[in-house]
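Please read the following with the chain open in a viewer. The text goes from strand pairing to a helix contact and then to the chain as a whole.

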Amino acid sequence: MNAFSPQGIIVWLIIPMLFTWILTAVRSLSERGRPVFFDGPEKAVLVIMLFPYALGFVLLAVQPTAPGVFAPLGQLPILESFESGDGRALSGDERSWVIPWRRVVLSLFAVYAAIALAQMIRVVHALYRLHRVAARAEVISGDGDVHLTDDIPSPLAVFPGRVLLPRSLYNDLRTDEIAMIIRHERHHIARGDHLFFPWLAVLDSVFWGCPVMRRQTTRCRLAAELACDRAALGPDAASRRAYGALIVRIGNGDARESAHPVPSLFSATPKGVLAMRLTTLFNPAKNRTSKRHIFLAAVAVLTPFAGIQWASAQSSGEGSFTVMPMTEGRVTSRFGLRKHPFSDEHLHHHGIDIAAPIGTPIQAPGPGIVTRVEINHKGYGRLLDITHADGTVTRYAQLERFHVGIGDRVSAGQKIAEVGNSGRSTGPHLHLEVRVDGQPVDPETVLTFPSRRSSAAPR
């Protein structure tokens, strides 16, 4: 299984994406339309959302065995090439229903990755510009951490722990107002937001196609702003009103920020943020959601592990081929380049042929799930696929009859079909393929066969 196989896509993309949507929906219902933003819970939810993606890549690395999870994909009309089982190129009618899913997935991923890369370049460029702005700024504090600049429209905390103030704003404000702004931005630095916000921008770039993830990064920014607002407030109501007016004034400056793309990457400026900050300022909410978030976190963290445990239980003891597909017959045509029996062209043979009388039983070489059954393929004839524990697919073609159906779980040695002479065939035989990560491999490197003698006549 690799990242671009059906199993890999399920593990690292589909399951995590569904999980983040479900978590967001459950959380929205629990908030009953009255969201409360506190820093710790918002960061915890973001980590929980990222956890399934990280777990998916770990699962890809350790190659888990879970055929029960991946079996439904095998029922899709998917082929890896435009050749029939006997090496003949498929006709237009035959290939009309073929879905080259690997090329489609790779193409879509390439487009997504290109857009993500472009977004990442924008983030890096913004960080570079911000570094240049900070380097040119004028120091105005004795501690050397407050600087004036003409290159930004609103205050900003930047690496390596500097507060940047717009010169125009600094000249227009009173000393007490400037002190509140500096307290706000210094609290950002104390919390590490000058490092955290760029990482949120990176996540926005990587997950640009996942709105719930971007929604959560916005909530993290807003929670940080609200925390710094609380830290910047004075002890009396008058200072609260003055700070509210200051937020409105700076917020109007943020509205004109389109000409200054650097701060917009790292500050929370979506629609409704200004109103939310003012509402929280004058009607502070208590953090009554800790127990709910703890419950959601526990469910979110335990669910993937429960899925792994279930998958392991479904596939315990599976993953190896211990039985010969046939106990009689002989190998008459091997994997690789050969002279085609109908066209006399030299074409690649994707499997091996085992000659045997019609009705000779065929058995599963290892446990797995039947993921494809076709009764009238023009090249393969009667066709059957089994997806095994590690994602390997064994394909049996030119069959006479089936003894299993789609979705059936089979065990090693179980009778699954009988040798036939269906499709494009020169005589009774089994055409057998083995596909790893969707690509055909030599079956004789994976399975054991009754005879390794070959005949001059292809089958």
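Two strands pair if DSSP finds at least two bridges between them; strands (E, at least two residues) and helices (H or I, at least four) are DSSP runs numbered from the N terminus. The model is predicted, so local features need pLDDT of at least 70 and side-chain atom pairs pLDDT 80 or more, while totals for chains, interfaces and linings use all residues. Residues are numbered from 1 along each chain as its sequence is written, and side-chain values use heavy atoms, without hydrogens and water.

Strand β8 covers residues 352-355. With strand β16 (residues 429-436), β8 forms an antiparallel pairing over 4 bridges, in which Ile354 is opposite Leu430 of β16. Strand β5 (residues 330-333) also pairs with β8 in the antiparallel sense, over 3 bridges; here Arg330 faces Ala355. Ile352 and Ile354 point one way from β8, Asp353 and Ala355 the other way, and all are buried, that is, under 20% relative accessible area with a 1.4 Å probe, counting protein chains only.

Helix α7 (residues 175-191) and helix α8 (residues 193-206) have axes that come within 6 Å and cross at roughly 75°. Because of this angle, α7 is roughly perpendicular to α8, a term for angles of 65 to 115 degrees. His188, Ile189 and Arg191 of α7 meet Asp193, His194 and Phe197 of α8, where contact means heavy atoms within 4.5 Å.

The chain as a whole has 13 helices and 17 strands. Of its 459 residues, 47% are buried.

Terms used
Buried means under 20% relative accessible area, exposed over 50%, partly exposed in between (1.4 Å probe, protein chains only). Axes are lines fitted to C-alpha atoms, for helices over the stretch in contact, and angles run from 0 to 180 degrees between N-to-C directions. Angles under 35 degrees count as roughly parallel, over 145 as roughly antiparallel, 65 to 115 as roughly perpendicular and the rest as oblique.
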